Amino acid sequence: GDLISLQDLHRVTCPTFIIHGAKDPICHQHHAAYIARQIVSTTAVTTTATESAVPSSDTNSNIIIIPEGKHNLHIRHKHIFDKL
């Protein structure tokens, strides 16, 4: 499939989770905030996800921050990532 570019983010209209690792050395948190502002269905709500507190997936779209996460969230923090 085609990759979505930054210029196309405004075309995304479905609920969207932007999952970000607070300690990501490659993509800084302002990148997640920028993406959230460009996606129409994403609210400006930022939620922290931990092992004991995972945000509900039935709420509006938002940014999910994994405090100890780096760039490999889906691998290193799989237990949290899978619950989202």
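Reader: How many residues are in the protein, and what share of them count as buried?
Author: There are 84 residues in the protein, and 30% of them count as buried. Please keep in mind that this is a predicted model, with a mean pLDDT of 76 for the protein and 69% of its residues at 70 or more.

Reader: Which element has the lowest mean pLDDT, and which the highest?
Author: Among the elements of the protein, the lowest mean pLDDT belongs to strand β2, residues 42–48, at 58, whereas α2 has the highest at 89. Where pLDDT is low, the predicted coordinates should not be read in detail.

Reader: OK, and the overall layout, what pattern does the protein follow along the sequence?
Author: Read along the sequence, the pattern is β-α-β-β-α-α, and the secondary structure comes to three helices and three strands.

Reader: Which residues make up the largest nonpolar core?
Author: That core has eight residues, namely L9, V12, I18, A32, A36, I39, I63 and I65, and the elements that give two or more residues to this core are α1 and β3. As a general point, nonpolar side chains in soluble globular proteins tend to be buried together.

Reader: Switching to charges, how many salt bridges does the count come to?
Author: The count comes to three salt bridges. In one of them, the side chains of K23 and E68 meet with an N to O distance of 2.7 Å, and this pair links distant parts of the chain, 45 residues apart, with K23 in the loop between β1 (17–21) and α1 (29–38) and E68 in the loop between β3 (61–66) and α2 (73–76).

Reader: Which residue does R11 form a salt bridge with?
Author: R11 forms a salt bridge with D8, and the closest N and O atoms of that pair are 3.5 Å apart. R11 is exposed, with a relative accessible area of 58%, whereas D8 is partly exposed at 24%.

Reader: And what about K78, which residue does it pair with in a salt bridge?
Author: K78 pairs with D82, and the closest N and O atoms are 2.5 Å apart. K78 itself is partly exposed, with a relative accessible area of 46%.

Reader: Pockets next: about how much space lies in the largest pocket?
Author: The largest pocket holds about 280 Å³ of space. Its lining is made by 15 residues, and those nearest its centre are I19, H20, D24, H71 and L73. The elements that give two or more residues to this lining are β1, α1 and α2.

Reader: Which element gives the most to that lining?
Author: That is β1, which gives five residues to the lining of the largest pocket.

Reader: How many of the lining residues are nonpolar, polar and charged?
Author: By class, the lining of the largest pocket has eight nonpolar residues, five polar residues and two charged residues.

Technical notes. Residues numbered from 1 in each chain as written. Predicted model: local features only at pLDDT ≥ 70, side-chain atom pairs only at ≥ 80, totals over all residues. Heavy atoms only, no water. Salt bridge = Lys/Arg side-chain N within 4 Å of Asp/Glu carboxyl O. Buried < 20%, exposed > 50% of the residue type's maximum accessible area, 1.4 Å probe, protein only. Helix = DSSP H or I, 4+ residues; strand = E, 2+ residues; numbered from the N terminus. 1 Å grid on protein atoms, 1.4 Å probe; cavity = no way out; pocket = protein on both sides within 12 Å on 5 of 7 lines; lining within 4 Å. Points joined across faces, edges and corners; volume = space filled by probe spheres on them. Nonpolar A, V, L, I, M, F, W, Y, C, P; charged D, E, K, R; others polar. Core = buried A, V, L, I, M, F, W, Y, C linked by side-chain atoms within 4.5 Å. pLDDT = per-residue confidence, 0-100.
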